[in-house]
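Visitor: I should like to learn how to read the features of a protein model. May we look at one together?

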Amino acid sequence: IGGEAVVTFNTVKDAVGGILAQTWPDWVVYDERLPQGFKEPCFFVLLLPSSHEKIRDNRYQRSHSFVIHYFHNESYEALHAMAEQLYSLMELIPFGAKPIRGKSMSHSIVDGVLQFNVRYDFHVLQELPPGVKMQRMNQEGWLK
């Protein structure tokens, strides 16, 4: 992202959890484990299998997929209303100097828990190891 913010799995996860905590400051946002006896309402942000593919030279495509669980003893109608809010909120989240755009968003309600899915894709540059740079080349040419 243009050198403005370091893209790691943890920094993207922190950005997702941070926007939830900023929007609902009285609710807890869990991102490691959901403890027994947790207090509702709360969110649980889980990083799903992600990918890191080489494109060219030191340029890579990263994909970070998340599922955000929303726990609250509410009606399905209220859970769908929360999903509407998450679609808007997760579309662009702050990340360094540039916001990042959520893709492939979807939601479902399983056993009374809202499960909201979102993916964030990036191009990242990895530092090249120090090595031998191109040496000087002398070229001679003759005309016939």
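Visitor: What span should the 16 residues of helix α2 have, and how far apart are its end C-alpha atoms?

Guide: Please bear in mind that this is a predicted model. At 1.5 Å a residue, helix α2 (residues 76-91) should span 22 Å, and its end C-alpha atoms lie 22 Å apart, which agrees.

Visitor: Which residues of α2 are buried?

Guide: The general idea comes first. An α-helix has 3.6 residues a turn, so residues three or four places apart point the same way. In α2, the buried residues are L79, M82, A83, L86, L89 and M90. Viewed down the axis of α2, these buried residues fall within an arc of 130°, so they line one face of the helix. E77, E84 and S88, on the other side of α2, are exposed.

Visitor: How many residues of strand β3 are buried?

Guide: In a regular strand the side chains alternate between the two faces of the sheet. Strand β3 (residues 51-56) is hardly covered, for the count of buried residues among its six residues is zero.

Visitor: In which sense do β3 and β4 pair?

Guide: Strand β3 pairs with strand β4 (residues 59-71) in the antiparallel sense, over five bridges. S51 stands opposite S63 in β4. The two strands form a hairpin with two residues between them, and D57 in the turn has a positive phi of about 50°.

Visitor: What pattern does the protein follow along the sequence?

Guide: The pattern reads α-β-β-β-β-α-β-β-β, which comes to two helices and seven strands. Of the 144 residues, 31% count as buried.

Definitions and conventions:
Residues numbered from 1 in each chain as written. Predicted model: local features only at pLDDT ≥ 70, side-chain atom pairs only at ≥ 80, totals over all residues. Heavy atoms only, no water. Helix = DSSP H or I, 4+ residues; strand = E, 2+ residues; numbered from the N terminus. Buried < 20%, exposed > 50% of the residue type's maximum accessible area, 1.4 Å probe, protein only. Pairing = 2+ DSSP bridges. Expected span 1.5 Å × (residues − 1). Arc of directions from axis to C-beta.
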